[in-house]
Amino acid sequence: MLFFWKTKKVADIAAQEVPQDYWSIVRRQFAKNKLAVWSLRLFYGILFIALFANILANEKPLYCKIDGQIHFPVFRQWLVDLNIAEWEDKFVLKRWHEHNYESAIFPPITYSPNTIDKKNLTYTSPFQEQNLSPYCRKHYLGTDALGRDVAAGMIHGTRTAMLVGLISMSIATLIGIFFGAIAGYFGDDRMKVSRIRIILNILAAIASVFYAFIVRGYNIADGLNNGELFLQIGIIVGIIAGIFTVANLLAAVLKKIPFLGKKVLISADLLIMRFIEVVNSIPVLILILCIVAIIKNPSLTYVMVIIGLVSWTGIAQFIRSELLRVRRLEYIEAAQAFGYSEWRIITKHAIPNALNSVLITIAFGIASAILTESFLSFLGVGVPPEQVTWGSLLSASREKSEAWWMAVFPGVAIFISVTIFNLIGEGLSEALDPRSKQ
Amino acid sequence: MFRYVLKRFLIFIPTLFVISLLIFGLSKLAPGDPVELLLKGGSNAGNTGQRADLESSEDDYQNKAKQLGLDKPTFYFALSAAAYPKDLYKISKQIHRENISRLISLYGNSEAAMAYYQALRAMQLACADLPSEADYDSKKKIRDAVDELFFRYNNEDVQRLLDVIKEALSHPTTSTAQPVYDKLATAYKFMQDNPTRHLLYIPSISWYGFANQYHTWMFGDMPWLYSIDSTPYRQVADLGARMDALGKNRDSLNKALKNIKIRASVYTADLANPSAAISADSLRGMISQLTADSSRLTAEVASFNDKIKTLSDERDAIKKTLVTYTGKGFVRGDFGTSYKDNRPVATKMKEALFWTIIMNFLSIFLSYIVSIPLGVQSAVWKKNTLQFFTFASYPTIIIATVANVLIASFTFWGMPKWAFTLGMAIIVAVMILIELIKNTAYIRESKGFLGKTWAIIYTISMAMLLMWLWILVEMLLAAAVIVVMKFPIMTGLIVGFVLAVSFYNRRQKNELPKQANVFNDGLGNFRFGKSGLQARGSVLDNISTTTLFVLYSLPSFWIAMILIIFLTTVSYGLSWFPSGGAQSLNIAMATGANYGKYGIGTRFLDILHHLILPVVCMTYGSFAFLSRQMRGSMLGVVKQDYIRTATAKGLSEDKIIWKHAFRNSLFPIITMFSSVFPRALSGSIAIESIYNIQGMGFLSLEAINGRDWPIVFTVALLAAILTMIGNLVSDILYSVADPRVTFK
C-alpha cells in the first residue's frame, strides 16, 4: 500500500515537471527502449573514435622533445596536409620510432594503419610473443601479412565507415527530400504550371545536359581522373542551376502573354513515383559494382556518392506519404490564404513537420551503407588498395585462415556498427509512432 | 485483374528501357577497347612495320569491330556540339576516334582534325615504306613517335613527337619520308591556326536510324522472321579450308625448293674447289638436275599460287555479298560473347546458374518454411517461459542432441566425412517423424485437404526449426569450448565480471517494487486477456527478438568467413566441413570409366556436405528478417477487434491464429518476395566467392575483376528484370492474399 502511494506521488510530480512538447515526448519514448539508448551512446563512442582516429592510432608521437626542440607531430600533420607547414628533413628521412627522443608521448596505439612493422611480419597473433622496437607498444589485435597493426586499421576504418554512412546518407536525404516533397506536397492535383514554363523547362533540361555534360565531357573525365569529384559535381550543379534559373526567369516574363501563360496540370506525384519505381528496380549492389569497376582511380568518394545516389527512394517515399497527410492540415491552408509562396510553405511549414519520420530511414540507411562499403572493400572492388577499412582487413583473412584475429575483430566492428544503427532506427520508429504515445 | 497485369506490363517496358539505357551507357563508359581485347594483341603485326602487316591488322580490326557491331553509331540519335562531324563513328579504331574527338574538343575544327589524322596515317604508311636499308634507329624512332601521336592531343606532346620525327628524318637514308612529314606538320599547324571553337558550344542533333549499337545490343540485327541462308557462309568457310590445304602444299613445296637451292649452292661451291672425291662432271650433272627440279617446283608453286588466287578471288566475291551479323540481341537471348574466352555469355551463365539455383532454392525454401511459423509463434508466445517447448517436444531435442554428439564424435574416430552429413539427414528425418507422431491429433483435427496439408507442413517446419536451433546451439557450444580451452584465464575473468555485474544488478532490482511482475502474473492466467494473444515484453520474447535482430544484423560475408575459419581449418580441431567448392574434386572429376565409381547417393551426400555452410550463410539473414516481419505484422493483426470476437466465440487458439490472423498478416512477407531474386543474386556474390562455388555470383565477380563487361552488364540487366518481375508477382500475390485489394 505504502509504495503504491509513493509511486503515484512520484509519478504525479514527474508529470508536472515533464515538458509535454513533441520532442520531449519522443525522447521519453526513445529512452524506454534501453537497447536503443545504449546504441546511441555506443554511436557517440564510435563517433569519438572516428573523429580522433589520428590521435588514437598514429606512428607519430603526440608530443616529443628532440635535440632540445619540442614538436607536436600529430598536430603538425594537419598543417602539412593543408600545405601550410612542412616536415623537417630528419622526420622525413628517419622512421618515427627510430629517433632518439629526449621525451615523447605516443598515442595509445603507436602505429598508423599503413605502418609496416618489419619485426612482426606475416600475421602476428595478439597472444604471440612480439618483438617490439623502442617506443612501440604491443600489437593489441595482432598484425596482418605485411606487419601492419590491426588495431590501428580498425580505428582508421571506423572513420571510413562513419564517413561513408553519414555522407552517403546526407546525399540521399537531400535528393529524397527534394523529390518526396514535390511529390507529396503537390500530389497529382496541385501543380499547375503555365505552358511556357513547361516548354522552357524542357528546353532547359536539354540545354543543361548539353552544356553541363556533353560540352564539358572531357573536362569532367580529366577532373575525375585527378580526383576532383566534388569540384566537378559543383560545376555541373552550378551550370544546371544557372540554366534553369534563366529559363524560369524568362518564363516569369513570358507568361504574361495569355496563350503562353495558360495553366496546365502536371501530375507530379505520378511522375516521381514512376521514377522511384525505376530506381528501385535497379539492383543496387550490382550497379555499384559495375560503376566502381569502371572508374580508373578508385576512391571512397565514388562509393559514397553512388550509394547516396541510389538509396534516396526510401526517404522520398517517407516524405511523400507524410506530406500527403500534412498538406491537408489547416495550417497549410492558412499559410496559403496568407499568400505565402509555395516554396516557402514547403520548406518552412510542410517539410519540418515531416522530417522526423525520415530519421528512421536515415538510421537504417546508414547501417546498410556501412554494410555495402565493407562488402565492397571485402571484395576489393572500388576501394584503393592502400586504404585500410574494416572490409579490407576482413578480406586479408581469406588468405590465411589461421589468422582468426583478422576475421573476428573487423567483423565484430562491422556487426556492431550495423547493429547499433539498426537498433537506433528501431527505437526511433517506436518513439515516433503516434500509437505508442502516452 | 487481367487489365491490371497488362497495365503493369506496359509500365514494365519503359522501366526496362530506362534501365537498359543506363546499363548500356555504363558499358560504353567502360575502359578498354573490346576489339583489342578480343584480338588479344594477336594482330599487333603493325609493330613490325611492314605495310602489308599494317593493312592486314587494320583489316582484322575492322572485321572484328563489324562482328561486334561497333562499326555502327552508338545510339538512335546523338546530341553533340556542332563541331563534331556526324560520321565520326566511321573511324573504326576506338583510340583514333577518341583522339580525333579530343583534338576537335581543343580546336573545334573537325575538317582540319580529319586532315591531320589522314596525314598521320600517310606518315605511318610512309614510315612502313622506308627502304629496309634505312637507318634502323631513326626508323624505329619515327615509328614509335607516329604510333604515339595516334593517342596524343596535348600541344606539348604533339610538338615534342613531331620534333622527334623531324630529327630522325634528318638521317640521309630516311629522307624519302620528308615530304609526307611536311604535310603532317602543315596539317597540324593549320589545325592550330584555324580554330573554330565557337562551334563547340552550339548543340546539334543528328539522327542515325535503327542501325545503331544500342538497337543491335537489345534487338539484334539478324532478321526476325526468317532464318539466314547459311550456304554462302559455308562456301566461304569451305573455300578458306581449301585455300589452307593448298597453302600447306605450297609451303612444303617451298621448303623443298629451298633445300634444292641450298644443295645447288653447295655443289656450285664444290665445283669451284674441285676435290678428288666427286668428279666435276658428276657435280655438273647433279646441278643441272637440281636446276631442272627447281624450275619444275617453281612452276608448281606458281600454279598453286594461281589456284589459291582464284579461290581467294572467289571467296572475296562471295564475301562482298555477305552481311556480317552481330547477333540476335538481348531480347532474343543473345548476350554477346565473353571477352575472356570468346564463348557466348548465355552458355557461361547457363553453366553457372546450376549451383546458384540449387543454393538459392534451398535457402529461400528453408528461410520461408522456418521463419513464417516462427514469426507467428513468437508473436503469440505466452508469458510462461516453459511453453516455448510445447512447440518442440523434449524427446526431439534430446534425441537430436544425443545423435549429433555421437555422430560428431564418429568424425573424430576416423569415419568418412560424409557420414556426418548422413547423420544430419537421419536426425532431421527422425525429428520430423517424432513431430509428426506427436502432432497426429492436431493433424487429424484439422479439416479439409488444405488444413491437413498445412498442419503437416507446419509440423515439418517446426522440426526443421529445431534443427536450426540445434545447429546454432552446437556451434556456440563448440566456440565456447574452444575459447575456454585456449584462454582459460581470460574467460574466467570475463565470466566473473559478468556474473558480478549481473549479481549487482539483481540486488539493485530486488530493492525496487515488482509492480510490473505482479501485474503480469495476474494476467498470465488469462490466455486472451486484455493484452490479447501477444506476448510483448516477456523475457522469452525479448530473448527471441534480440536473437533475431542480431542474426539479421550479422553481415553474411563475415559469418561465412568465421565459419570457414573455425569449422573447416584443421588447426582449430573442427574440420567438419570442406573448405570450398560444391563437390569433392575426386568426385567432380570422375568421368568416363571412373564415373560409375560413385553412386548417386554418394554424390548427393557429397554435395549436401559441401553446401551446408554456404546455405546456412545465405539463409540465416533472410530467415531472421522474415521472422521479424512476420512477428511484427502478426502483432498488429492480433490487436484487432475481430480477433477478440473470434476469441469470444470460443475458437481454439490454433484456429484463430492460422485461420483468422495469419492471412491478414502475410502482407510484409509478400512485399519481401519482390526482393527475393535480386537479394539472392547479390547474396551469392559474397557467399560463392568465399566458398569458391562456380555459380552466378562467382561468375559476375570474376567478370568484374577481369573487366569482362558483356557478362557484367548482362547480369546487371537480368537482375533488374528479375526485380521488376518480383514486383509484379508480389502485386498479384497481394490480391490473392487479400480479396479486398483491387486494382484500378
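A salt bridge is here a side-chain nitrogen of Lys or Arg within 4 Å of a carboxyl oxygen of Asp or Glu. The legends below describe a predicted model, in which local features need pLDDT of at least 70 and side-chain atom pairs count only at pLDDT 80 or more, whereas totals for chains, interfaces and linings use all residues. Residues are numbered from 1 along each chain as its sequence is written, chains are lettered from A and ligands numbered from 1 in the order in which they are written, and side-chain values use heavy atoms, with hydrogens and water left out.

**View 1. Salt bridges between chain B and chain A.** Across the interface of chain B and chain A the rule finds two salt bridges. One of them joins Arg628(B) to Glu426(A), with the closest N and O atoms 2.5 Å apart.

**View 2. The side of chain B that touches chain A.** Taking contact as heavy atoms within 4.5 Å, 63 residues of chain B are in contact with 52 residues of chain A. The elements that give two or more residues to this side of chain B include helix H1 (2–29), strand E1 (77–81) and helix H28 (709–737) of chain B, where helices (H or I, at least four residues) and strands (E, at least two) are DSSP runs numbered from the N terminus. The largest share, nine residues, comes from H28(B). The area buried between the two chains, meaning the accessible area (1.4 Å probe) that they lose on being put together, summed over both, is about 4700 Å², and carbon and sulfur atoms give 76% of this area.

View 3. Gln232(A) lies in helix H10 (residues 229–254) of chain A and is buried, with a relative accessible area of 5%, where buried means under 20% relative accessible area (1.4 Å probe, protein chains only). When neighbours within four places in sequence are left aside, Gln232(A) is in contact with Arg216(A), Asn219(A), Ile220(A) and Gly223(A). With Arg216(A) there is also a polar contact between the two side chains, at 3.3 Å; such a contact is a pair of N or O atoms within 3.5 Å, of which, within protein, one must be able to donate a hydrogen and the other to accept it, and residues adjacent in sequence count only if both atoms are side-chain atoms.

**View 4. Chain B as a whole.** Chain B holds 28 helices and two strands, and of its 744 residues 43% count as buried. Among the contacts in chain B with a separation of 6 or more, residues 24 or more positions apart account for 78%.

Key: Buried < 20%, exposed > 50% of the residue type's maximum accessible area, 1.4 Å probe, protein only.
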